[in-house]
Structures are given as structure tokens and as C-alpha cells.
Amino acid sequence: MSFIEKPVSAAEDDRGKGVAKCIARCASRAGEPGTAAEPRPYRGRKLTARDGPPPLTTIGATAVAPTAPARASAAPGGPAPAIERIPVVQAATPVSSPDTPPAGDDPYDRPVAELLARMTDEEKLGQLQQLAWAGATGPGGTQTREAEEAARAGLLGSVLNIHGAKESNALQRIAVEESRLGIPLVFGLDIIHGFWTTFPIPLAQAASFDPAVSELDASVSAAEARSNGVHWTFAPMMDVTSEPRWGRIAESGGEDPYLNGVLAAAKVRGYQGGDLKAKDRIAACAKHYVAYGGAEGGRDYNTVDVSEARLRNHYLPPFKMAVDAQVATVMAAFNTISGVPAHGNEHTLTRILKEDWGFDGFVVSDWSGVQELIPHGFAADGEDAARLALGAGVDMEMVSTHVVDHGRKLLGEGRIDAARLDDAVSRVLRVKFRLGLFDEPYVPEQAEITGPTPGARSAARTAAARSMVLLRNENGALPLAKSVRSLAVVGPFADSDDLQGTWAGPGAEKFRSVTVLDAVRAALPDATVTHALGVDAAGRDTGTLPDAVAAARAADVTVVVVGESPDISGEANSRSDIGLPGRQEELIAAVAATGKPYVVVLVNGRPLTLGEWADAAPAVLEAWHPGMEAGNAVADVLFGDVNPGGRLPSSFPRTVGQIPVNYNHERTGRPYDPADPDQRYVSRYLDVPDGPRYPFGHGLGYTTFTISEPSLSRGSVGARALRDGETVEVAVTVRNTGERDGDEVVQLYLHDPVASIVQPVRRLRGFSRVTVGAGKSTTVRFTLGAADFGFWTNDPDGRFVVEEGAVDIIVGADSTATARATLKIV
């Protein structure tokens with residue numbers, strides 16, 4: 001019987017070529033066909049059209065900066081008088097992008113179904129297995145030999161940590177040319193902020209408040225990776241977190257759901273482009289699903305106890321935005337969610353992700369995440385773990401092998417649903433078809449990219465400078481004049497080439513960071529530039545502190561470069577003390593005591609608790625871990641070639657004891673009032689000022705701006721009108737009042753003062769980074785709709801409501817902005 005039994009169009013024929021080739025190879029080398037079976041329908045909970053209006057397809061405000069004047073303004077003021085609250089409910093129906101093909105209408109449904117019908121149960125289970133190649137990124141080591149054997153037997157779906165055109169092609173040939181059905185493998189790798197070309201860490205990219213930075217990183221990374229045989233990255237990470245003790249904050253976009261979501265969607269676009277078959281694109285993976293950033297105490301892998309409302313309003317929105325951006329895959333998280341491990345959580349994996357949102361890619365476990373259901377105390381043994389994970393919605397198991405080991409037995413006993421198995425396999429095959437692996441399973445070795453191009457380096461340098469945040473700049477200490485005659489560069493990271501950051505990819509060792517010292521010398525070829533360590537990165541060895549002091553005394557100005565080594569940020573690197581390590585502060589104090597001018601540069605992977613020195617230093621520049629072009633980007637900012645415009649994506653606490661100190665907290669019944677700081681019975685600490693040292697959204701530059709009061713296109717709008725798609729436009733005028741061109745990040749926040757569920761004191765719902773010439777002005781506009789004004793309730797089935805009442809619309813330069821207008825929802 002022919003594999004394709006009925007005439008097909010030219011387009012369908014092109015899509016089916018890979019399967020046809022696969023089956024032809026199979027027929028030529030297999031003595032007997034596999035046990036064929038008709039694809040079985042998945043009999044899990046079906047999608048249902050719940051009561052209510054059509055789903056919202058746009059989340060958040062969009063912003064543009066035209067030169068046209070603002071439209072008619074509503075008079076700003078305080079909260080409107082309270083009116084009776086009549087909720088208008090937006091049902092939690094499945095939401096998908098307009099570009100998502102309707103269910104059952106995917107162009108690859110037919111070839112997937114036909115291939116599935118030819119597969120044995122063992123081959124199906126094999127497609128759900130991912131093994132690790134050389135280069136472990138988790139406990140348990142590598143599985144290189146096992147991967148080759150499983151690929152040859154047709155019992156493997158994916159391999160992670162393999163890269164290189166020659167190496168990947170060799171393994172792919174085993175799968176395609178020696179297995180019975182010749183189904184290609186999909187190769188995955190953690191490409192978090194660069195393959196060969198290392199960009200700033202994701203937290204730094206979030207500080208740019210510029211989605212183009214994230215998209216550029218992903219685009220460059222995808223081209224380099226695909227040419228090296230990598231099809232799939234385990235990024236972007238979009239774990240909302242207010243825990244700077246947690247090492248993995250370095251990989252996230254910080255404490256705000258909206259900012260995380262915008263940047264995650266941009267990265268998905270950068271990785272995947274418009275066609276996953278393209279030779280410069282790879283599949284993205286939204287991780288870690290979900291609420292991993294809420295780990296108690298900031299300890300990695302720890303418990304997360306969260307209400308349904310907070311889950312849906314705070315942790316899920318970035319993932320929804322990634323799904324709307326057509327992300328190909330999703331990775332389950334290590335944590336529990338209110339007592340149920342994410343790898344065994346049917347509510348989040350199947351009901352919300354696959355059914356409510358219509359996600360049709362596949363869910364991969366994290367490293368040994370299925371196995372870890374056992375130590376969690378959720379599964380009794382490997383069989384139980386396989387049953388629970390597959391049943392909950394995990395489609396591919398990374399490294400541990402419980403599904404493939406126990407799947408046949410569980411199927412035979414009816415403990416896993418055969419239709420669910422077919423659903424999981426179909427999802428994996430569909431992504432392989434979308435990647436074009438059946439048509440072209442190999443990569444051309446002669447086209448392999450072997451290192452960063454000049455253009456890629458330039459992009460990384462621009463991204464790094466654009467991500468830096470000027471925290472403090474007293475009396476114009478920065479920028480430094482290029483006419484300076486002598487300059488000292490001191491500190492543990494002044495001459496460090498290890499500024500790539502956590503999860504820096506294969507390029508980190510091969511292509512080291514440009515040092516700050518080398519970059520300063522290149523920027524000042526005629527100046528005397530000296531260097532001393534002062535203290536080591538751990539802050540223990542201060543033997544060279546006198547050398548640093550002497551260098552500072554002899555120089556016109558000193559640049560002190562302190563912070564964290566990349567090896568104490570990232571996964572499994574939680575810190576209970578997030579100050580500068582060891583005795584690094586002593587170096588700053590010693591340089592300050594010379595009485596000579598100095599500035600401080602921070603290189604770190606998380607918000608830090610900075611000592612009193614931060615209030616005395618003339619200037620403090622947050623450079624994060626900036627990637628391979630670190631030194632050049634720092635020099636660009638220090639000497640004014642780049643006017644810094646980054647803003648903090650996460651609040652910097654004064655002390656660890658304040659954590660969490662995120663801006664978007666809920667209001668208490670006894671809120672602290674800064675106008676009455678001595679009031680006793682309010683929510684505050686006795687021994688530290690209220691609020692963070694630097695708030696979310698904070699950042700300075702080498703010029704100054706004013707932002708006008710917000711102007712609304714209307715003073716009131718009906719709740720039902722919002723639900724039906726009507727919007728409100730907000731406009732502000734941004735004026736550069738300084739003498740340099742520069743960037744301002746205009747931020748829009750909402751506050752619902754009276755609601756059926758207590759709302760955060762403010763929520764970011766729009767931002768726009770705009771460049772304005774000296775003495776010039778521009779108008780920035782935001783569009784707000786029901787998705788911005790509404791919120792999810794604690795209904796476990798998902799209920800989104802837009803309530804009547806007054807909503808404050810606050811616009812300014814950071815999360816402490818006060819300029820506002822009030823909209824009445826009637």
C-alpha cells in the first residue's frame with residue numbers, strides 16, 4: 001500500500017516529501033512493516049466554548065512615539081468617587097494568535113497521522129525520549145553510547161548538548177539511515193544568550209526595555225546554532241521573580257509579568273522567524289512552566305505555594321504571550337505548584353496550556369524532571385512517575401527514561417491512555433515537520449559558522465551598552481572626559497575576561513570577554529592607564545589593596561570594577577547574602593579615602609544589596625554580565641560614546657531582610673505612608689527605610705527629561721465596550737531638557753483602587769524607549785484594552801473579569817511615578 005494514498009496538491013506534496021523519503025528508506029531496509037494502527041483520538045478533557053464573549057487576543061499596551069501632538073486630555077486627578085461595582089466577566093476561553101491554524105487544520109496533520117499509523121508502540125515511546133550527549137548540564141552525566149544505540153533502533157526522539165555540523169550529521173545519519181522508519185532526531189541545546197556570540201545575560205537585556213535587543217540576540221544565536229546542527233534551544237526563560245537570592249534571576253526578565261512577556265515574545269520571534277525550516281532559525285522553548293521564580297527563600301528548586309489568581313495574573317501571562325508568538329515548545333518547571341509538581345500538574349500542562357490556550361507544540365521535561373517526581377513524594381517509583389507525567393501533559397522526557405522504560409507495561413495494563421500517547425508523539429513529530437527535518441535532516445558542513453562575525457560582535461556590543469543602567473551620577477561624574485591624562489582601572493573584574501555570565505553557551509570558553517582594562521586603554525591611547533587587582537573576586541585576598549590605592553592616588557580618576565563572578569549566579573547558585581562578596585567594599589572605601597575622583601562599575605547576575613558606599617560614590621554604573629563585548633560596551637558608556645538608557649527590571653533591596661521588595665506588591669490594610677514615617681502600626685521595618693534602594697524602572701542618563709501628565713482619549717468607557725474590543729488611548733509628551741541627545745523609557749502603570757480581589761499597588765502595562773534630541777520633544781501613545789484593565793479571579797476554571805469603577809493610569813520614568821489620570825469604567 002502506498003504511504004500517500006490519494007492525490008495531493010503541489011504544496012501538500014512538498015510537505016510530505018520528508019515522510020515519503022522516510023518511508024521509502026524504511027521499505028528498502030526493513031523486512032517487515034511495523035505494527036500499524038489507526039491514530040487514536042485523545043480522550044482527555046475536550047475544549048469547550050464557555051459562556052461569554054470571544055477571547056482576548058492582545059495582552060498589554062502597545063506604545064509608539066509619533067511626532068503628532070497628543071489628543072484631547074481628560075483632567076488628571078485622584079481616584080474617582082466609588083461607585084457600585086458590577087463585574088463584567090470575560091470567560092477563559094482558549095486564546096490563540098490570529099495566525100494560529102484552527103485545530104485540525106495544520107498542514108502537517110495528515111503526514112503526522114500517516115507516519116503515526118506505521119509506528120509500533122516502542123517506536124512511539126522512543127519519540128518521547130531525549131538523551132544527553134557529551135556535556136552534562138545536570139546530575140547523572142551523559143548518555144552518548146545509549147543515544148547512538150537508541151537512534152539506530154529507532155527508539156529515540158531527541159538528543160541534547162550535541163553541536164557541530166559534522167558531529168550532529170553523524171548521529172543524525174544513524175537515526176535516518178539505519179533505523180526502520182528513519183525518523184530524524186531533533187537536537188537541543190541551552191542557547192540562553194548566545195551560541196558563539198555571547199550577548200548580555202537575559203536580566204541585562206530586560207534592563208534595555210527594548211524588545212529589539214532580545215530579538216537580535218535570538219536571531220544571531222539561531223543562525224550560528226542552526227549551522228552547527230542545533231534545531232532547538234531551551235530558551236527563552238520567562239520566570240517572573242522578585243527573589244534576587246535566586247541565582248536564576250540572571251536568566252529571567254525580572255519582577256514584572258508584562259516586561260517578561262514582551263521580551264519573551266521578542267526572543268521567540270528572533271529564534272523562530274517566520275519559518276522554522278529556514279537555515280538560520282531554530283525552535284524556541286518557553287520555560288520554566290510555571291511559577292519557578294516564586295521559589296520560597298530564593299532557594300533553587302524549592303516549593304511554590306500560589307493562589308489561582310496569582311498564578312494566572314502574575315506567573316502565567318509571559319507564557320501566554322510566548323504561546324501567542326507561536327513558540328514551538330514549552331519546558332516544565334522543577335517546582336511544585338501548590339503541592340503538585342509542575343511535571344505532574346494536569347491543571348497547568350493540559351487544561352490551561354494545551355486546552356485553554358490551544359498550544360499545539362510539545363512539552364519537554366527539564367533535566368530528570370520526571371524522575372524527580374519520586375523524591376518530591378508525588379510518585380512511588382519510575383512506573384508511577386511515567387504514568388503521572390505523561391498523563392499530566394509532559395510529551396518528552398529529558399535524560400531520565402521512565403516513560404520509555406515502563407510505557408509498554410503501562411499501556412498493556414491500561415494505566416496510560418493510548419490516545420494520550422498518540423497525542424504526545426504527534427506533537428513531537430509535528431515540530432520535526434515544521435523544522436523541515438524530514439526534508440533536510442542534515443546541515444551543510446561547509447556552511448557551518450565557526451565563530452562570531454564582525455557584525456555579530458557589533459550587535460553584542462550595542463546590546464551590552466544598551467542594557468547598562470546608570471544608578472547614580474552626582475554632579476555629572478560621568479561621562480569621563482577622553483582628554484583625561486591618567487586613569488586607574490582597579491578591582492577584581494577590571495582585567496577579567498570572564499564577564500560572559502551564566503549559561504553563556506559554547507562560545508564562552510573559545511571567545512573570551514573583552515576586558516574593561518583593555519577597552520579603556522583602547523579608548524584612551526594617549527593616556528597613562530594603570531591597573532591593580534586590589535581584592536580577588538571572592539573578596540578574600542586583599543594583598544594587592546595597597547597597589548590599588550597607590551594607583552588611585554597617582555591617577556586623575558579611578559574606575560573601580562567590582563561585583564559577582566558568573567560562577568556564583570545562575571542555576572543552583574542561590575545566595576543568602578547578596579552583597580558584594582567578601583571584602584570588595586573595602587576596596588571601594590580605600591579608593592574613596594584617597595579623595596581623588598572615582599566611579600564604580602558593577603558586574604553581576606542579580607540585584608545586589610549595596611552598602612553605604614553606594615550613597616557616597618560619585619557614580620555607579622550597573623553593567624551586569626555584559627557578554628563577550630563587555631569591556632568595549634563599558635568603555636562606550638564611561639566615555640560618553642553611548643548615553644545610558646537602561647532601566648532596572650528588578651528592584652535593588654537595601655537589605656536581604658526586605659526581600660521581597662518588588663514594586664507590584666498588593667496593598668495591605670495598614671499601608672506605610674512616607675508622609676508619616678513615624679506611624680507605628682503600619683506594614684514596615686523598624687530598622688531600614690521603606691522601599692528598595694533603587695526601584696523597578698530606575699535609571700539615569702547624561703541628559704534630563706520631563707514627562708507630561710497623561711492625557712486620555714476619553715474619561716470613561718463601558719466595561720462591556722472594553723470587552724467588545726474598544727480601547728482607550730493614553731498620550732504623554734516627553735521633552736529632553738538637557739544638552740545631549742538621549743533615551744527615556746516611558747513607563748505606564750495601572751492601579752485599580754477598589755476591586756473584588758485586592759490588586760497590586762501598580763502594574764506595568766506599557767513602556768516605550770524613545771530617543772529624543774537635545775531640546776526636542778516627542779509624543780508617546782499607549783493603547784489600553786480589556787486585557788489591561790481586567791484580572792483573573794480564583795476560579796480554578798479560569799475567569800477573567802473587567803469591573804466597573806475608577807482606574808488610575810500612571811505614567812513616568814520609573815515605578816515611583818506620580819503623574820496620573822483617572823479613567824472611569826462604567
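This is a predicted model: local features need pLDDT of at least 70, side-chain atom pairs count only at pLDDT 80 or more; totals for chains, interfaces and linings use all residues.

Student: What is the strand order in the open sheet?

Tutor: The five strands run β6-β5-β4-β3-β12, with parallel pairing. Strands are DSSP runs of E, at least two residues, and helices are runs of H or I, at least four, numbered from the N terminus. Two strands pair if DSSP finds at least two bridges between them.

Student: Which are the edge strands?

Tutor: β6 (232-233) and β12 (397-398), each pairing on one side only.

Student: How many bridges join β5 to β6?

Tutor: Two, with β5 covering residues 186-189 and running parallel to β6. Leu-189 sits opposite Thr-233 of β6.

Student: Helices now. At what angle do α18 and α19 pack?

Tutor: About 35 degrees, with the axes of α18 (residues 545-554) and α19 (residues 584-593) 9 Å apart. Axes are lines fitted to C-alpha atoms over the stretch in contact, and angles run from 0 to 180 degrees between N-to-C directions.

Student: Which residues of α18 and α19 make the contact?

Tutor: α18 gives Leu-545, Ala-548, Val-549 and Ala-552, while α19 gives Leu-587, Ala-590 and Val-591. Contact means heavy atoms within 4.5 Å. The residues of this contact are seven nonpolar, no polar and no charged. Ala, Val, Leu, Ile, Met, Phe, Trp, Tyr, Cys and Pro count as nonpolar, Asp, Glu, Lys and Arg as charged, and the others, Gly among them, as polar.

Student: And how do α12 and α13 cross?

Tutor: At roughly 90 degrees, with the axes of α12 (residues 382-392) and α13 (residues 402-412) coming within 9 Å. α12 and α13 are therefore roughly perpendicular (65 to 115 degrees). Gly-382, Glu-383, Ala-385, Ala-386 and Arg-387 of α12 meet His-402, Val-403, His-406, Lys-409 and Leu-410 of α13. That contact divides into four nonpolar, three polar and three charged residues.

Student: Last topic. Where does Ser-242 lie?

Tutor: In the loop between β6 and α8 (257-272). Ser-242 counts as partly exposed because its relative accessibility is 23%. Partly exposed falls between buried, under 20% relative accessible area, and exposed, over 50% (1.4 Å probe, protein chains only).

Student: What is Ser-242 in contact with?

Tutor: Leaving aside neighbours within four places in sequence, Glu-255, Ile-659, Pro-660 and Asn-662. The C-alpha atoms of Ser-242 and Val-661 are 7.2 Å apart, though 419 residues separate them along the chain.

Key. Residues are numbered from 1 along each chain as its sequence is written. Side-chain values use heavy atoms; hydrogens and water are left out. Angles under 35 degrees count as roughly parallel, over 145 as roughly antiparallel, 65 to 115 as roughly perpendicular and the rest as oblique.
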